Amino acid sequence: MLSLLILLLNLTNHAFGQNPAIKAILSNKGLQYGSHIGADWMQEKIGSVIIPDVRGGVDIGIGTVHYVLDGISVSGCDVPEPSVEFYEGVGLKAVISGLSISMSGNWHTRFGIITDGGSFDLAVFNVDVTSVVQIGSDQSGHISISSENCDASVGEASINFHGGASLIFQPFVSLFHHRIKAIIEERICPLVEEHVTDLERHLSEMQVSFKVNSALVLDVPLTNSPLVDSISLGLDLKGEFYSVQSHTDPPFKAEPFNLPEDKGHMLSLGLSEFTVNSASYAYFSAGLLQAQINDSMIPKTSPFRLNTTSFGPLIPQLPKLFPNMLMELQVYARNVPIFSFQADKVTMEFPGAVKAFAIQPNASRTPLFKLNVDSIFSGMIRISEEKLKGLVELSNFTLTLASSEVGTFQTAALEKFMKLGMKITVLAKLNAKLEEGIVLPTMHHIHLVNPALKIQQGFVSIASDLDVKSGEGESLSEGIYHYRLK
């Protein structure tokens, strides 16, 4: 029942006092899907329950029969669909009604000096369990899961003895019924509480910073306590990227935004401009937004070469000062590229620069000029076939001469040439990749189903249903819980 809750909570910690850059809302539809997954998983796991030996004594009027039931295993179970709901201001309330389990094992009795033994079959019917789980936070700032309340009752327990002198003891089975029924009732809620505690421990040990690639770390602690109302569970996450080289905050803050809940989908996600721009800042501060371009990188079929001769029509004095020399360009960001989300559109301002060098015969580089290149890109994105797709256009391109070692020159022709080159090379390749699509990552075998992406003012929202698939030979939620009766 907690499968989707784990999805939302196992990446969280607290970072109070900050606006969240990522928001997530689990709807009632998502909760009900989670309860269905939980029922299937419980049906599978009950068969591996470890049941301890049962010891006791029954007064049969002429003395006490001491008994031991051991080697107990589950032979069958019927798990009805749980009823799960959000418990406003607390967490979750789950009710299972009519659970039935059949077990078998061995029995041993001692009555005075008389001992006997055989096998038995035990059936427990109409087990009802009500559990309230509180969702909050502890003093260390991690998510806190605790059992707020638990009630359990067993409607009926039937036991039949086989072998040995079981016919002698069978008339006293009704006395065993009450004892076995009481033992089962006593152990259900401690079992529930044990596994809630296991989940709490699991969450408290979770990391909240994840290395995304060789350059970036994503920080996703909670910025506020989880918000539980009667129809949803909401989480606010920091959602900030850092460079692996230094944990430096960007010179801008996350702005507040309101993520609308889509009740028709299981999960709603919101990603603000801050998250994307923090990644941009991390790349920039680490010096990764730069590249060296030389003639070997120009397609062989291109008539334009990266040398002073080809630049002659654009900068007439260049081939005269440095005749027939190869050139090298250093392209880099002058400042942090900034993304902005507007209604149905994403824009990115890239303040770039290009430094040009002539390659001397001895392979040394001679500075030629520096150009400031300011570009604005705009585009749209969508989700299709579990891929992120889109289209990017060049909205504005401005080139200015920042400095020159070869004298002043007009930049209009060079600007036109570079703008054309940008469109037919960089943008063409980027749009081809976006048309093909970028596969969306999955987590714990959870896939988005029919996701709807919408670009809104300041953030991107995704509303989606979910599909939890097991890996090859791996059952759902494998390894998260381990059931054991005590």
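This is a predicted model: local features need pLDDT of at least 70, side-chain atom pairs count only at pLDDT 80 or more; totals for chains, interfaces and linings use all residues.
**Close-ups of rings, charges and strands**

**View 1. How Phe252 and Tyr281 meet.** There are seven aromatic pairs in the structure, and one of them is zoomed in on here. To describe such a pair, you give the distance between the ring centres and the angle between the planes. Phe252 sits in the loop between strand E12 (240-243) and strand E13 (267-272), while Tyr281 belongs to helix H5 (residues 273-285), so the pair ties together parts that lie 29 residues apart in sequence. Zoom out a touch and Phe274 comes in too: Phe252, Phe274 and Tyr281 make up one aromatic cluster.

**View 2. Helix H5 against the six-stranded sheet.** The sheet is an open one, with six strands in the order E10-E11-E1-E13-E22-E21 and antiparallel pairing. Strand E10 (227-228) and strand E21 (446-456) are the edges, each pairing on one side only. H5 packs on this sheet, where it touches E1 and E13, and its direction makes about 50° with that of E13.

**View 3. Strands E1 and E11 side by side.** Here's a piece of that sheet: strand E1 (residues 22-27) and strand E11 (residues 232-237) pair up antiparallel, over six bridges. To get your bearings, look for Ile25, which stands opposite Gly234 in E11.

**View 4. Two charges over rings.** What sits over the ring of Phe357? That's the charged end of Arg365, 3.9 Å from the ring centre. The other example shown is Lys23, which lies over the face of Phe257, at 5.2 Å from the centre of the ring.

**View 5. The E16–E17 hairpin.** Strand E16 (residues 338-342) and strand E17 (residues 345-359) run antiparallel, joined by five bridges. A handy landmark is Ser340, standing opposite Thr347 in E17. At the turn, two residues lie between the strands, and Asp344 takes a positive phi near 65° in this hairpin.

Conventions:
Residues are numbered from 1 along each chain as its sequence is written. Side-chain values use heavy atoms; hydrogens and water are left out. Rings of Phe, Tyr and Trp (its six-membered ring) pair if their centres lie within 6.5 Å; planes under 30 degrees apart count as stacked, over 60 as edge-to-face and the rest as tilted. Helices (H or I, at least four residues) and strands (E, at least two) are DSSP runs, numbered from the N terminus. A charge sits over a ring if NZ of Lys or CZ of Arg is within 6 Å of the ring centre and within 35 degrees of the ring normal. Two strands pair if DSSP finds at least two bridges between them. Contact means heavy atoms within 4.5 Å. Axes are lines fitted to C-alpha atoms, for helices over the stretch in contact, and angles run from 0 to 180 degrees between N-to-C directions.
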